[in-house]
Amino acid sequence: QLWSLSPINLLPGMIITLTLLLAGPRLALSSPETCKLPKETNTRPQASTFPPLSISSDGNAVAAWFESNLPEMAGPPKMGERERTLARLSASAFVEMRKRGEVTCEEYAEVLVKRAKHYKYMGQFMYFDILPNQMDQVVRRARELDQKAQEEGVDSLSPLYCLPVPIKGTMATVDYPSSAGVGVLHGYFAKYDAKAVDMLKE
């Protein structure tokens with residue numbers, strides 16, 4: 001997944017939403033330059049999820065801190081060989097397989113959803129608290145696209161051929177909440193999609 005960098009990305013609590021076939025990874029970024037405590041409080045203990053300010057100017061020390069403080073992670077989800085193959089596909093490889101009819105939108109979506117649910121404890125996908133069945137929409141939409149391909153031909157899905165596309169939470173979407181990184185808007189649904197989302201859906 002590729003994420004563009006812009007000033008908004010430097011705000012703590014930035015939220016990234018994945019729409020169309022997936023929803024809601026959350027990423028919080030903080031740096032000493034943008035989020036310093038006032039001088040009189042710089043000696044306060046720091047949260048264990050971030051390196052101490054005393055090493056913040058030493059890139060090697062920060063990297064070493066993260067290596068030694070990685071959270072415990074669960075192993076990979078149980079998957080068959082076919083599922084593992086699909087999960088490892090690049091975007092272009094998936095598109096080519098879909099064009100050739102070697103995979104369906106629904107099959108691919110189910111693999112991604114399986115991984116999303118397995119790793120949801122990492123907080124990558126939002127709204128499980130208010131939309132616990134949000135991933136059902138992913139598979140349902142994929143099934144609709146397969147039906148469209150069956151009726152109109154696989155090229156009717158071009159150019160993305162049901163490839164999941166990540167959308168930041170700062171872009172309005174009607175399929176999932178668009179909170180723009182603001183807690184008070186956690187359950188807010190936009191009235192219409194942003195133009196970029198419209199273009200992707202078309």
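Keep in mind that the model is predicted. There is one disulfide to look at, and the salt bridges come to 11. The loop between strand S2 (165-168) and helix H6 (195-201) holds Thr173, and Leu185 sits in that loop too.

**The disulfide**

- Cys105 and Cys162 are the bonded pair, with their sulfur atoms 2.2 Å apart.
- Cys105 belongs to helix H4 (residues 105-118) and Cys162 to the loop between helix H5 (134-152) and S2, so the bond ties together parts that are 57 residues apart in sequence.
- The S-S torsion of Cys105 and Cys162 is about -95 degrees, so this disulfide is left-handed.
- Both cysteines, Cys105 and Cys162, are buried.

- Lys114 pairs with Glu83 through their side chains, at 3.3 Å from N to O.
- Since Lys114 is in helix H4 and Glu83 is in helix H2 (residues 81-87), this pair ties together parts that are 31 residues apart in sequence.
- Lys114 is partly exposed, at 31% relative accessible area, and Glu83 is partly exposed as well, at 24%.
- Glu106 and Arg143 make another salt bridge, at 3.2 Å from N to O.
- Here Glu106 comes from helix H4 and Arg143 from helix H5, so the pair ties together parts that are 37 residues apart in sequence.
- Arg143 is partly exposed, with 42% relative accessible area.

- Glu96 and Lys99 form a salt bridge whose closest N and O atoms are 3.6 Å apart.
- Both residues of this pair, Glu96 and Lys99, lie in helix H3 (residues 91-99), three residues apart, which is about one turn of the helix.
- Glu96 is partly exposed at 36% relative accessible area, and Lys99 is partly exposed at 38%.
- Glu106 and Arg143, as noted, meet in a salt bridge.

- Is Thr173 buried or exposed? Thr173 counts as buried, because its relative accessibility is 1%, under the 20% cut-off.
- A polar atom of the Thr173 side chain lies 3.0 Å from the backbone oxygen of Tyr176.
- Leu185, at 31% relative accessibility, counts as partly exposed.
- Leu185 also belongs to a nonpolar surface patch with Val182, Val184 and Tyr188, and together they have about 370 Å² of accessible area.

Technical notes. Residues are numbered from 1 along each chain as its sequence is written. This is a predicted model: local features need pLDDT of at least 70, side-chain atom pairs count only at pLDDT 80 or more; totals for chains, interfaces and linings use all residues. Side-chain values use heavy atoms; hydrogens and water are left out. Helices (H or I, at least four residues) and strands (E, at least two) are DSSP runs, numbered from the N terminus. Buried means under 20% relative accessible area, exposed over 50%, partly exposed in between (1.4 Å probe, protein chains only). A polar contact is a pair of N or O atoms within 3.5 Å; within protein, one must be able to donate a hydrogen and the other to accept it, and residues adjacent in sequence count only if both atoms are side-chain atoms. Patches are made of residues with over 30% relative accessible area and no salt bridge: like charges are joined within 9 Å, nonpolar side chains (Val, Leu, Ile, Met, Phe, Trp, Tyr) within 5 Å. Accessible areas come from the Shrake-Rupley method with a 1.4 Å probe; for residues, only the protein chains shown count as cover. A salt bridge is a side-chain nitrogen of Lys or Arg within 4 Å of a carboxyl oxygen of Asp or Glu. A disulfide is a pair of cysteine sulfur atoms within 2.5 Å.
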